[in-house]
Every structure is written in C-alpha cells, then in structure tokens.
Amino acid sequence: MTQSTTRSEALFDRARAVTPAGVNSPVRAFGGVGGVPRFIERAEGPWLTDVDGNRYVDLICSWGPMILGHAHPDVLAAVTDAATRGFSFGTPTENEVALAAEVIDRVEPLEQVRLVSSGTEATMSALRLARGVTGRSVIVKFAGCYHGHVDALLAEAGSGVATFALPGSAGVPASAAGETVVLPYNDLGAVEELFAARGEEIAAVITEAAPGNMGIVPPAPGFTEGLRRVTAAHGALLISDEVMTGFRSSRSGWYGLETGPEGAHPGGYEGGAPDLFTFGKVMGGGFPAAAFGGRADLMARLAPEGPVYQAGTLSGNPVATAAGLATLRACTPELYPRLEATATRIADAASAALSAEGVAHRVQWAGSMFSIFFREGQVHSFADAREQDTGAYGRFFHAMLEGGVHLPPSAFEAWFVSGALDDEALETILAALPAAAAAAASV
Ligand code: PMP
C-alpha cells in the first residue's frame with residue numbers, strides 16, 4: 001500500500017509560504033526523519049485521520065496530553081458544557097479552584113499551585129520565583145533536558161533542539177545564557193563540584209523528574225536524592241519538571257510513582273520533596289492549562305502578595321480547566337497498569353522485530369514511559385543519546401507511517417501511549433513492525 005499524501009503536500013506548500021518551515025513547533029516539520037508531515041484533520045480514540053483520508057494509530061498523543069486518547073466522551077462533554085457558558089472571563093472561576101485542588105491532592109508535597117497556559121510558562125515562572133526567593137541568579141540544568149523555550153533553559157536542550165542538533169538558540173542574550181550552567185545528566189559528581197565552587201550563586205537546579213526529551217533516560221539510583229541533598233545544603237531550590245511525567249507516570253506523576261516489584265519497570269522519585277514542581281500536558285487534557293507550585297511559603301512570594309510578578313490573560317481559562325479536570329478525573333488508578341501493559345506489549349514487539357533484523361537498539365523505561373534508542377548499551381546522558389543511528393530511526397519511522405502508525409518524528413522522543421489503544425490499534429502496530437525493522441536494517 002502506498003498512501004496518497006497529495007493534500008498534505010499541498011497544505012505543506014501553503015503552510016511554508018505563511019509560517020516558518022510550515023509549522024508552529026519545530027519537530028512537527030519532520031526535519032528529524034525527512035518527508036512530508038501529515039496534516040491531521042480529525043482524531044478519535046487511538047486514531048488520527050489526515051486530510052488525504054489515511055488513518056494512523058497515534059503514538060504521539062500530542063506529545064503527552066492525550067493520555068485518554070482523542071475526543072474522550074467525558075472530556076468532550078465537559079468542554080462542550082464549559083464552552084456554552086462562555087470562553088474566557090478574566091475573573092476567578094470555580095473550576096480553577098477545583099483543578100488546583102485536584103493537582104494538589106495528587107502530589108503530596110504541593111500546598112499551592114498557580115495555573116498558567118503552557119509548560120514553558122510554568123518553568124519560566126518557577127525560575128523567576130526561585131531567583132526572587134533566593135536573591136541569586138544562577139540556574140543549573142542538565143544537558144538533554146527540555147523545559148520549554150525559556151531563554152535561560154535552551155542551552156543543550158532536548159526535544160526539537162536535540163532533533164535539529166542545535167547547541168542552543170540564537171536570540172538568547174549572553175547575559176541570560178551566562179546565568180545558566182549546563183551539567184551532564186546523571187553525573188552527581190559534577191553537581192557537587194559546581195556547588196563546592198559556586199554554591200552561593202545558585203538559585204535553583206531544574207531537572208526533568210525523569211527525562212523524556214532526549215529519549216527516556218531515567219535518573220540513576222541516588223541521583224535525584226543527591227540533587228536534593230546538595231541543593232538543600234547550599235540554600236538553592238530544587239525544581240522538578242513534571243510537565244511530561246505529571247499524571248502520566250502514575251496518578252501523581254513521577255513523584256507519586258510507587259517503586260518496587262509490582263511495577264514492571266523501575267521508577268519513582270527518591271529523596272526528599274523538591275521545592276517547586278512544574279506541570280502541563282495531561283493536566284490540560286489537550287487544552288492550554290499548566291501549573292507551577294510548591295510549598296505555601298514559597299508561593300506566597302508571588303504577586304499580588306509578594307514581589308515576584310507573574311500573570312496571564314488566559315491563565316485558568318474556563319474551557320481549558322474543564323478539559324483538564326475531566327481528564328484528571330478519568331485518569332483513575334486502573335488506567336496506569338493498563339498503560340504499562342500496553343506499552344510493554346508495544347516495546348517488546350518492537351524490540352523483537354528489530355532484533356530479528358539485527359538492528360542495534362535499546363529500550364529504556366521510566367515507569368510506563370518508554371523510548372527506543374537506535375544503539376546498543378545503556379543510555380545515561382545526552383552524550384550517550386546522541387550516539388544513535390538517527391538515519392535508521394528515520395527509515396523505521398517512515399515504514400511505520402506507511403503501515404498506519406504515527407510515531408514521534410524524532411529519535412529523541414518518548415513513544416506516548418493512551419488508554420484508548422484497543423485491539424485493532426495494537427494489531428495495526430504489531431503488523432507494521434516487521435517491515436519497519438527491515439527498513440531500519442536496510443542501508
Ligand atoms: N518541560 C518538559 C519536561 C516538557 O516535556 C515540555 C514540552 N515538551 C515543556 C517543559 C514545555 O512545555 P510547553 O511545550 O507546553 O511549553
């Protein structure tokens with residue numbers, strides 16, 4: 001079968017005339033894999049349908065938010081109901097309180113959150129708060145972690161910055177980049193050394209709770225615990241970015257993930273509570289809702305009570321909060337073992353197909369999140385992640401697409417599963433894998 005892509009191609013041409021590279025977020029341009037991005041017209045459950053009428057099993061899930069699948073009936077009803085009552089008021093609303101309470105209820109150390117509209121806004125605001133609270137300016141981040149397109153956080157970032165092999169971004173002033181120190185992930189010695197030399201300048205360490213933006217690279221035993229110990233000893237804050245893992249790794253995110261024999265894959269937070277958390281993706285249910293939060297004494301430093309300013313015209317938007325609430329309420333404890341079982345089936349089948357064709361690969365897990373690196377051996381850091389065969393991934397990706405499965409168009413991203421993946425969708429994935437593995441093996 002060869003899919004028709006005539007309409008996607010025509011739209012891509014039009015898009016490129018009016019939008020840089022034809023897309024509103026870089027990875028969507030297929031730069032990491034080549035070819036024409038599919039313009040999606042509609043989506044339901046586990047399926048995406050493009051403008052040419054091709055159907056794909058969705059393993060992007062909007063890069064995380066669509067954990068229930070598309071157009072979930074509960075979320076659709078909540079959104080429709082909210083929208084009939086108006087779109088945005090710029091006043092407080094009851095649903096904002098309910099969504100904040102729902103998030104706080106799930107993540108034990110949280111006392112207060114403030115709602116924003118994107119993960120980028122959440123991390124940007126958390127950094128400002130950390131700097132305002134400590135009176136210090138240096139931020140420590142890890143290579144391969146992506147925290148949104150915040151000036152100070154673009155250095156050696158994951159996600160699209162990794163896909164396009166960029167060191168950072170033009171347009172970030174040296175003054176902003178100069179306040180950021182980038183260290184190798186999972187290297188506690190490097191963190192200790194930096195703090196020994198410059199501990200009094202450091203406002204915060206920000207880390208993905210379990211990195212998923214260079215592919216999945218879980219924290220090594222003792223790493224997060226070490227970050228907590230070192231930051232606390234030097235009066236710096238620890239910010240755990242759960243934009244991707246929040247309400248996905250477990251009902252409570254990475255922080256609440258139980259480790260131990262009942263989980264098929266290791267994971268879970270270790271060490272004392274971080275000072276601040278950031279959330280997004282799942283908590284917006286596909287709409288722009290995100291949050292940052294932590295202890296009440298820290299959050300009290302925000303305007304209007306405190307001196308750290310932060311605001312938003314659409315923050316706590318009524319339609320977005322309705323979608324987020326309905327999504328979180330449908331993320332029941334039963335959902336997570338099902339996600340893990342589905343993810344395991346897909347990862348095992350993909351690994352078997354790749355092995356049968358002799359394709360070097362490694363599957364890595366963080367709870368139920370996984371990705372496949374096209375290389376052998378454990379991946380501990382961004383330097384390890386970069387040593388993979390992205391060409392082989394591109395061939396694998398296109399063969400899967402041809403077989404009706406839409407993977408993330410980059411070798412540096414997690415494969416996102418949803419609770420809507422049914423037998424038909426799983427069969428489609430399993431059927432597409434042998435040809436895709438053969439394509440990956442062919443040079
Ligand atoms: N932090 C993490 C861990 C993320 O994965 C992302 C997005 N992929 C962000 C922050 C930024 O979120 P947004 O794209 O909503 O700005």
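**Close-up 1. The open sheet of 4 strands in the predicted model****.** The strands follow the order S1-S2-S3-S13, and their pairing is mixed. Strand S1 (40–44) and strand S13 (405–406) are the edge strands; each has a single partner strand, so one side of each has no neighbour in the sheet. Between strand S2 (residues 47–50) and strand S3 (residues 55–58) the pairing is antiparallel and runs over 3 bridges. Trp-47 has Val-57 in S3 as its bridge partner.

**Close-up 2. The shell around the ligand****.** The ligand is surrounded by 16 residues, of which the closest are Ser-118, Gly-119, Thr-120, Gly-148 and Val-243. Sorted by class, this shell holds 9 polar, 5 nonpolar and 2 charged residues. Helix H4 (residues 119–134) contributes the most to the shell, with 3 residues.

**Close-up 3. Lys-281 and the residues in contact with it****.** An unreviewed UniProt entry annotates Lys-281 as "modified residue: N6-(pyridoxal phosphate)lysine". Lys-281 lies in the loop that runs between strand S9 (276–279) and strand S10 (290–294). Lys-281 counts as buried because it has 28 C-beta neighbours inside 10 Å, where the cut-off for buried is 20 or more. Apart from neighbours within four places in sequence, the contacts of Lys-281 are Gly-64, Pro-65, Gly-119, Val-243, Met-244 and Gly-246. Gly-119 and Val-243 are also among the residues closest to the ligand.

**Close-up 4. Pro-92 in the loop between helices H2 and H3****.** From Pro-92 to Gly-324 the C-alpha to C-alpha distance is 16 Å, while the two residues are 232 residues apart in sequence.

**Close-up 5. Helix H8 and the elements that cover its buried residues****.** In helix H8 (residues 223–233), the buried residues are Phe-223, Thr-224, Gly-226, Leu-227, Arg-228, Val-230 and Thr-231. An α-helix has 3.6 residues a turn, so residues three or four places apart point the same way. Among the elements that cover the buried residues of H8 are helix H7 (188–198), strand S7 (202–208) and strand S8 (237–241). Just after H8, Gly-235 has a positive phi of about 70°.

Conventions:
Residues are numbered from 1 along each chain as its sequence is written. This is a predicted model: local features need pLDDT of at least 70, side-chain atom pairs count only at pLDDT 80 or more; totals for chains, interfaces and linings use all residues. Two strands pair if DSSP finds at least two bridges between them. Helices (H or I, at least four residues) and strands (E, at least two) are DSSP runs, numbered from the N terminus. A residue is near a molecule or strand if its C-beta atom, placed from the backbone, lies within 6 Å of it. Ala, Val, Leu, Ile, Met, Phe, Trp, Tyr, Cys and Pro count as nonpolar, Asp, Glu, Lys and Arg as charged, and the others, Gly among them, as polar. UniProt positions are given in the numbering used here, feature names are shortened, and annotations may be inferred rather than shown by experiment. A residue is buried if 20 or more other C-beta atoms lie within 10 Å of its own, exposed if 12 or fewer, and partly exposed in between; C-beta atoms are placed from the backbone. Two residues are in contact if their C-beta atoms, placed from the backbone, lie within 7 Å.
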